[in-house]
Amino acid sequence: MAGDGDHGGSAFNIHPMDQFRVEPLFGTGEVHWYTITNATLWMFLTVAAITLLMVVGTRGRALIPSRAQSAAEVVYGFVHKMVEDVAGREGAKYFPYIMTLFLFILFSNVLALLPTSFSTTSHIAVTGVLAVAVFVTVTAIGFIKHGPSFLKLFWVSSAPTVALRIILAVIEVISYFVRPVSHSIRLAGNLMAGHAVLKVFAGFAGALGLFSIIPILAIAGMYGLEVLVACIQAYVFAILTCVYLNDALHPGH
Amino acid sequence: MEGNIAEMGQFIGAGLACIGMGGAGIGVGHVAGNFLSGALRNPSAAGDQTATLFIGIAFAEALGIFSFLVALLLMFAV
């Protein structure tokens, strides 16, 4: 999509969207579904990093934890508390799923901040799959747990008149089906915008010569903000999954 | 000056769609500001509500992201 236009003939041909290109890792050619691309590589590295922290890091099971083990314990405790607080005690059953989502998104967001790396979560194809999986899972849980009475989620029985309830039902249905869209685009959009901004400022730094110290300082500040965004977006994705799960487990208003 | 009217409309429309992100900025600022003013009145209750704060920010932000999406679609997909 991006980066295929001409670059306006300027001296510096850094296109801010070029970094999001999916390219085959070995050689050049068309990208098929089985082609190993840079996206595949960085998703694999994400999984490898999670495995390193959660499996190898906690192997000792020491009473006095090592640094890696205490980091793993902090993440585990944090997500577990979040699931219990938001989705309730029954929601704790689905904790492994939310932990997996949180860790995958957090690690791929943070790995994407390494220079010359590829940000997998800035692609709607990746986040869309995650969000649709959450949507399907949550809807299935709702119908399995409550049967047809799950549809009461759309019927706001506390509204005073029937006419108002009908209007609210329409709004609730729309907002329910918009969920996977906003869920996926929030993550992809935040990541993509942040990385594109970094590249735009890098282009300024190339063009300014001696004064390039100003955009470089700006990049340093923005980079700190991007670290914050990487963590917050993983947290937001996980906590919204908990909210949707809570709706499925306890429908009705 | 090369180009055609449709392309011009595409760029103008993408720019107009970005105005919606300002609305999301107002919304997020409203959520965070009200959280802060509430938290300063009762700091002991603030810690438990940070999850609610982030959910509120996420919902407010979603609408801005829709306008961002419209801008992106106009730029790259139409």
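User: What pattern does chain B follow, read along the sequence?
Analyst: Chain B runs α-α-α-α. This is a predicted model.

User: How many helices and strands is that?
Analyst: Chain B has 4 helices and 0 strands.

User: And the radius of gyration of chain B, what is that against a compact globule?
Analyst: Chain B has 18 Å, while a compact globule of 78 residues would have a radius of gyration near 12 Å. Along the principal axes, the C-alpha trace of chain B spans about 60 × 20 × 10 Å.

User: What share of chain B is buried?
Analyst: Buried residues account for 14% of the 78 residues in chain B.

User: What about contacts inside chain B, how many join residues at least 24 apart?
Analyst: Counting contacts between residues at least 6 apart in sequence, 91% join residues at least 24 apart.

User: Switching to H1 and H3 of chain A. At what angle do the axes cross?
Analyst: The axes of helix H1 (residues 38-56) and helix H3 (residues 95-111) of chain A cross at roughly 115° and come within 9 Å.

User: Is the crossing of H1(A) and H3(A) left-handed or right-handed?
Analyst: The crossing of H1(A) and H3(A) is right-handed.

User: Which residues make the contact?
Analyst: From H1(A) there are A:Trp42, A:Met43, A:Leu45, A:Thr46, A:Ala49 and A:Ile50. By class, the contact of H1(A) with H3(A) has 9 nonpolar, 2 polar and no charged residues.

User: One last residue. Where is A:Gly57 found?
Analyst: A:Gly57 lies in the loop between H1 and H2 of chain A.

User: Why does A:Gly57 count as partly exposed?
Analyst: Because A:Gly57 has 19 other C-beta atoms within 10 Å, and a buried residue needs 20 or more, an exposed one 12 or fewer.

User: What does A:Gly57 touch?
Analyst: Leaving out residues up to four places away in sequence, A:Gly57 touches A:Leu52, A:Ala68, A:Gln69 and A:Ala72.

User: And how many Å apart are A:Gly57 and A:Ala112?
Analyst: A:Gly57 and A:Ala112 are 22 Å apart in space, C-alpha to C-alpha, and 55 residues apart in sequence.

Notes. Residues are numbered from 1 along each chain as its sequence is written. Chains are lettered from A and ligands numbered from 1 in the order in which they are written. This is a predicted model: local features need pLDDT of at least 70, side-chain atom pairs count only at pLDDT 80 or more; totals for chains, interfaces and linings use all residues. Axes are lines fitted to C-alpha atoms, for helices over the stretch in contact, and angles run from 0 to 180 degrees between N-to-C directions. Helices (H or I, at least four residues) and strands (E, at least two) are DSSP runs, numbered from the N terminus. A crossing is left-handed if the near helix is turned anticlockwise from the far one by less than a right angle, and right-handed if clockwise. Two residues are in contact if their C-beta atoms, placed from the backbone, lie within 7 Å. Ala, Val, Leu, Ile, Met, Phe, Trp, Tyr, Cys and Pro count as nonpolar, Asp, Glu, Lys and Arg as charged, and the others, Gly among them, as polar. The radius of gyration is taken over C-alpha atoms; the globule rule is 2.2 Å times the number of residues to the power 0.38.
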